[in-house]
Amino acid sequence: MHEFGLCEGLVDLIEERAGGRTVTGARVRVGAGHAVSKDAFEHAFAEAAAGTAAGGAVVDVVITPLTVRCRECGGRAESMDALAACPVCGGEVEVSGGDELVLESVEYAPADGQADGQPDRQGGGTGEESARVPGHPR
Ligand SMILES: [Zn+2]
């Protein structure tokens with residue numbers, strides 16, 4: 001499965017960017033030249049991300065078209081398929097673009113410490129507030 005290989009690299013990249021944060025979503029741009037389907041990509045992503053920081057992330061895939069340019073008539077077209085011939089004159093085409101795999105954005109879960117455990121203890125004037133960074137390993 002071709003999508004899986006792409007997603008493995010992507011998950012690595014997301015984890016690197018997340019730096020330990022929990023990832024809830026990611027937006028990815030995939031060139032049409034990869035010939036992936038959105039569904040297959042989302043499925044492969046879920047598999048590749050299982051057990052990582054991106055395990056619960058929802059991936060938003062945007063497939064970007066590639067550009068074909070005809071060597072005969074000079075026509076240009078955007079296409080979701082790697083056309084083999086010019087749609088206008090049937091001439092030989094050059095395909096460009098469509099090979100990108102771009103991680104556009106990553107969304108993270110809200111930082112811990114605010115999620116739960118609101119300090120309901122009113123400060124007794126000791127200045128010892130619950131501002132301690134939870135750095136204790138478990
Ligand atoms: Zn042409």
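**View 1. Pairing of β3 with β5 in the predicted model.** Strands β3 and β5 pair in the antiparallel sense, and four bridges connect them in this model, which is predicted rather than experimental. Within this pairing, C70 stands opposite V93 of β5, while T67 has S96 of β5 as its bridge partner.

**View 2. Pairing of β3 with β4, and the hairpin that joins them.** Strand β3 also pairs with β4, again in the antiparallel sense and over four bridges, with L66 standing opposite S79 of β4. The hairpin of β3 and β4 has five residues between its strands, and in this hairpin G74 takes a positive phi near 75°.

**View 3. The three-stranded sheet and the two faces of β3.** The sheet is open and consists of three strands in the order β4-β3-β5, with antiparallel pairing. Because β4 and β5 stand at the edges and each has a single partner strand, one side of each is left without a neighbour in the sheet. From one strand to the next, the twist averages 25°. The residues of β3 divide between a covered face, formed by L66, V68 and C70, and an uncovered face, to which T67 and R69 belong.

**View 4. The four annotated cysteines.** An unreviewed UniProt entry carries the annotation "binding site" for C70, C73, C86 and C89. These four positions are spread over 20 residues of sequence, yet they cluster in space, the largest C-alpha distance being 8.5 Å.

View 5. C70 is classed as buried because 20 other C-beta atoms lie within 10 Å, where a count of 20 or more is what the class requires. When residues up to four places away in sequence are not counted, C70 touches G75, C86, V88, C89, G91 and V93; of these, V93 is the residue that stands opposite C70 in β5, and C86 and C89 carry the "binding site" annotation from the UniProt entry.

**View 6. Surroundings of C89.** Another of the annotated cysteines, C89, lies in the loop between β4 (76-79) and β5 (93-96). C89 counts as partly exposed because it has 14 C-beta neighbours inside 10 Å, a value that falls between the limit of 12 or fewer for exposed residues and that of 20 or more for buried residues. Leaving aside neighbours within four places in sequence, C89 is in contact with C70, E72 and C73, and among these C70 and C73 are included in the UniProt annotation.

How values were computed. Residues numbered from 1 in each chain as written. Predicted model: local features only at pLDDT ≥ 70, side-chain atom pairs only at ≥ 80, totals over all residues. UniProt positions renumbered as here; feature names shortened; annotations may be inferred. Contact = placed C-beta atoms within 7 Å. Pairing = 2+ DSSP bridges. Axes fitted to C-alpha atoms, helices over the stretch in contact; angles between N-to-C directions.
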